[in-house]
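This report describes a pair of helices and then some backbone features of one structure. Please keep the model open while reading.

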Amino acid sequence: MNVAILDDYFDTLRTLRCFDMLANDDVTIWNDHTQDVDALADRLRDTEVLVLIRERTQIRAPLLERLPKLRLISQRSVYPHIDIDACTRLGVIVSSGQHAGTPSYAAAELTWGLILAAVRQIPQQMAALRRGTWQIGVGSSLRGKTLGIYGYGRIGAAVAGYGRAFGMNVLVWAREAARAQAHDDGYDAAPSKAAFFKACDVLSLHMRLVDATRGIVTAADLARMKTDALFVNTSRAQLVEPGALVNALRAGRPGMAAIDVYEDEPLTDTAHPLLTMDNVVCTPHIGYVSRDEYEIQFSDIFEQVVAYAAGRPTNVVNPAVLP
């Protein structure tokens, strides 16, 4: 089969052990990023199987309609970047496993790294040291503080465990079933969303982006946070009401943020407000970007390709397309 892989920035996938699953296929890997429909249509004109790396490229009807040979899109996790209706109409199967039993420890670890970096001013202190300045301020400790986990799924539970190990008091706000699970795991649930935002010293967001969660964090929520609190988002930028975080940081509630996700990615505008604030630590959506995590994720993705080739597609999100 003719397989194309988009957005493999560092040409990593061919070095993974699981890449051997595609040994019998004609594989083309693109290392740059483009969202130009004409360019993508030209690159993918002979593609039968398209492999995506998360949500790096939008796959919409104007592109799909120009790819007559495309029969399968294989990826992992959620798919707001794919026009599922157009895929179904055009006979394209979308396979996307939801990794129900395997939390992204890479994302959880990055979350904790961002928390430590922000409260101890690690990037700012390093930048100052490179300028020849010895110490620029006093950071904060985590022990005894309240860590808020908003969305108690697999990653949220892992981050809660890190907080417990650091001696933090963990407080959870989530759907009722998730709050019950958090209680069973030994964590307290907040009495309300408003009380949750008010109580947290560090608040970390962990949920999927679906219609029901889009903009779930509002300006009013952020305004309830402490002036020295830290807001962390390694999930999706669109979970926060547009413009609310930047305005909240300018207003001083919360006092800090640590961010790995943005409304428009890749973010290349160096004048973006979050990149110009001294009280914000930013990384370029690298929560899941580790070699170990890639092995896990692309084993699943390539298994979906193998299953399709065998005539038994798996994890199909648009079953109406099947015979």
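## Helix α4 and its crossing with α6

The axes of α4 and α6 (residues 154–165) come within 9 Å and cross at roughly 45°, which makes α4 oblique to α6; angles under 35 degrees count as roughly parallel, over 145 as roughly antiparallel, 65 to 115 as roughly perpendicular, and the rest as oblique. Axes here are lines fitted to C-alpha atoms, for helices over the stretch in contact, with angles from 0 to 180 degrees between N-to-C directions. In contact (heavy atoms within 4.5 Å), Tyr105, Ala107, Ala108, Glu109, Thr111 and Trp112 of α4 meet Ile155, Ala158, Val159, Tyr162 and Gly163 of α6.

Helix α4 covers residues 105–119, and at 1.5 Å a residue its 15 residues should span 21 Å, in agreement with the 21 Å between its end C-alpha atoms; the expected span is 1.5 Å times one less than the number of residues. Because 11 of the 15 residues of α4 are buried, α4 is largely enclosed by the rest of the structure, and among the buried residues are Leu110, Trp112, Leu114 and Ile115. Buried means under 20% relative accessible area, exposed over 50%, and partly exposed in between (1.4 Å probe, protein chains only).

## Basis of the model

The model is predicted, so that local features need pLDDT of at least 70 and side-chain atom pairs count only at pLDDT 80 or more, while totals for chains, interfaces and linings use all residues. Residues are numbered from 1 along each chain as its sequence is written, and side-chain values use heavy atoms, with hydrogens and water left out.

## Backbone exceptions in loops

Most residues other than glycine have a negative phi, and most peptide bonds are trans. Gln121, which follows α4, has a positive phi near 55°. Gln135, in the loop between α5 (122–130) and β6 (146–150), has a phi near 65° and counts as exposed at 58% relative accessibility, whereas His285, with a positive phi of about 50°, counts as buried at 14%.

The peptide bond from Arg253 to Pro254 is cis, with omega near 0°, and Pro254 lies in the loop between α10 (244–251) and β11 (256–259). The bond from Glu265 to Pro266 is cis, also with omega near 0°.

Terms used:
Helix = DSSP H or I, 4+ residues; strand = E, 2+ residues; numbered from the N terminus.
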